[in-house]
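Please keep the structure open while reading.

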Amino acid sequence: MAGMDEPMVVDGGSGGSCEWEGRWNHIKKFLERSGPFTHPDFEPNTESLRFLSETCKILVIGAGGLGCELLKDLALSGFRNIDVVDMDTIDVSNLNRQFLFRPKDVGRPKAEVAADFINGRIPGCHVVPHFKKIQDLDETFYRQFHIIVCGLDSIVARRWINGMLLSLLVYEDGVVDQGSIIPLIDGGTEGFKGNARVIFPGMSACIDCTLELYPPQINFPMCTIASMPRLPEHCIEYVRILQWPKETPFGDGVALDGDDPEHIQWVYQRSLERAAEFNITGITYRLTQGVVKRIIPAVASTNAVIAAACTTEVFKIATSAYLPLSNYMVFNDVDGLYTYTFEAERKETCSACSQVPLDLYFSPSSKLQEVMDYLTESGSLQMKSPAITATVEGKNKTLYLQSVASIEQRTRPNLSKTLKELGLTDGQELAVADVTSPQTMLFRLCFTSE
């Protein structure tokens with residue numbers, strides 16, 4: 001590596017941290033000279049590296065297989081001001097691919113261990129950990145970053161951060177103020193397949209614009225789960241879907257949390273009992289958590305490739321030295337090696353990034369349950385547990401809310417009522433809240449003929 005044998009010096013411009021002469025020569029080659037692939041408007045300069053190291057703030061969401069690679073790549077690319085958010089703790093099963101962790105770290109928060117490792121290994125780098133859910137951090141927190149990079153395994157979490165960045169946009173006469181845009185770099189892996197994408201909220205296709213690109217979750221027929229289980233997964237799904245809400249082991253209204261060891265242990269034990277009834281073997285704690293969290297097996301080499309692609313895009317945007325990806329790259333090395341780039345198009349009727357309420361077409365005799373089914377099953381919406389409110393006769397009325405047991409019980413009869421019986425009218429606005437977004441989404445009810 002360039003400069004490794006040269007003497008250490010103190011770089012007064014980086015807070016007094018240890019540096020060695022020539023440490024960033026590999027980065028300077030990209031920033032201090034022109035070339036055939038640079039941005040047409042790029043002027044070689046010495047300030048870009050200073051911006052990377054002293055000013056640019058990067059947020060990495062997720063400190064798992066992809067997140068560990070991202071943190072390493074970003075730190076070695078000259079970025080020093082990095083925050084990382086992760087709500088998970090280290091499990092033994094993580095150690096084969098999440099290389100910032102060691103056996104002694106099992107049980108500790110991933111964000112904290114990853115930050116300590118990078119800070120101790122790369123002089124001058126300052127990684128700040130946040131051991132919490134992304135939903136626990138407010139818009140003031142997210143607004144401080146120049147670029148956000150996702151290494152998530154959850155579509156719901158992706159959609160939530162997508163919604164958060166959209167909520168930070170400022171519009172003037174219907175045109176987005178580019179100074180309010182925080183670019184989102186999203187990476188995803190699934191075995192030997194992966195993708196990297198660049199999103200400029202309000203300008204390019206957002207996460208919700210392309211929901212159809214995500215693989216559908218595997219759902220087992222309810223009759224098989226309840227009556228004729230044949231696989232270990234059937235037993236786990238039985239406990240998750242039927243036993244948990246019936247027995248409410250941790251209290252009424254407490255949702256099953258795939259990251260809570262006590263919750264997973266309870267599901268694991270009940271799954272073992274059900275499996276024993278039908279002479280089914282193969283139930284393990286790890287499988288239980290995998291089914292509950294819909295975990296897809298990860299491959300270390302795929303994580304490395306996608307993290308490198310994401311970091312390259314962060315570097316391009318932060319320095320303006322090269323044109324960013326436009327805007328979606330897929331990677332596949334199941335049989336040989338294949339990559340493909342295409343431009344995902346922004347959807348005018350996207351529920352997340354469009355600026356007008358979306359139309360919902362139903363007849364007055366349609367039941368509220370039909371609206372709920374559409375919100376959850378439509379490929380372009382894919383909500384999880386929508387809560388619907390509307391202004392009826394001048395009063396704000398909750399039509400249905402599932403997440404709070406007492407309100408769910410009180411509003412459940414509304415599901416079997418028609419829209420007309422609920423007092424809704426043609427052109428009525430419905431406000432819908434869901435875990436997939438921090439924003440309340442607006443829809444306009446359009447009555448069709450009977």
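In which sense do strand S6 and strand S9 pair, and over how many bridges? Strand S6 (residues 147-150) and strand S9 (residues 184-190) pair in the parallel sense, over three bridges. The model is predicted.

**Eight-stranded sheet**

- Eight strands form an open sheet with mixed pairing, in the order S5-S4-S3-S6-S9-S10-S11-S12.
- Strand S5 (126-130) and strand S12 (338-342) are the edge strands, and each pairs on one side only.
- From one strand to the next, the twist averages 15°.
- Val149 has Ile185 in S9 as its bridge partner.

- Helix H3 (residues 65-76) lies across strand S3 (57-61), strand S4 (81-85), S5, S6 and S9. H3 runs at about 165° to S3.
- Helix H6 (residues 155-167) lies across S3, S6 and S9. H6 runs at about 175° to S9.

**Five-stranded sheet**

- Five strands form an open sheet with mixed pairing, ordered S13-S17-S16-S14-S15.
- Strand S13 (358-362) and strand S15 (395-400) stand at the edges; each has a single partner strand, so one side of each lacks a neighbour in the sheet.
- The twist averages 35° from one strand to the next.
- S13 and strand S17 (residues 441-447) run parallel, joined by five bridges.
- Phe362 has Phe447 in S17 as its bridge partner.

Key:
Residues numbered from 1 in each chain as written. Predicted model: local features only at pLDDT ≥ 70, side-chain atom pairs only at ≥ 80, totals over all residues. Heavy atoms only, no water. Pairing = 2+ DSSP bridges. Helix = DSSP H or I, 4+ residues; strand = E, 2+ residues; numbered from the N terminus. Axes fitted to C-alpha atoms, helices over the stretch in contact; angles between N-to-C directions. Contact = heavy atoms within 4.5 Å.
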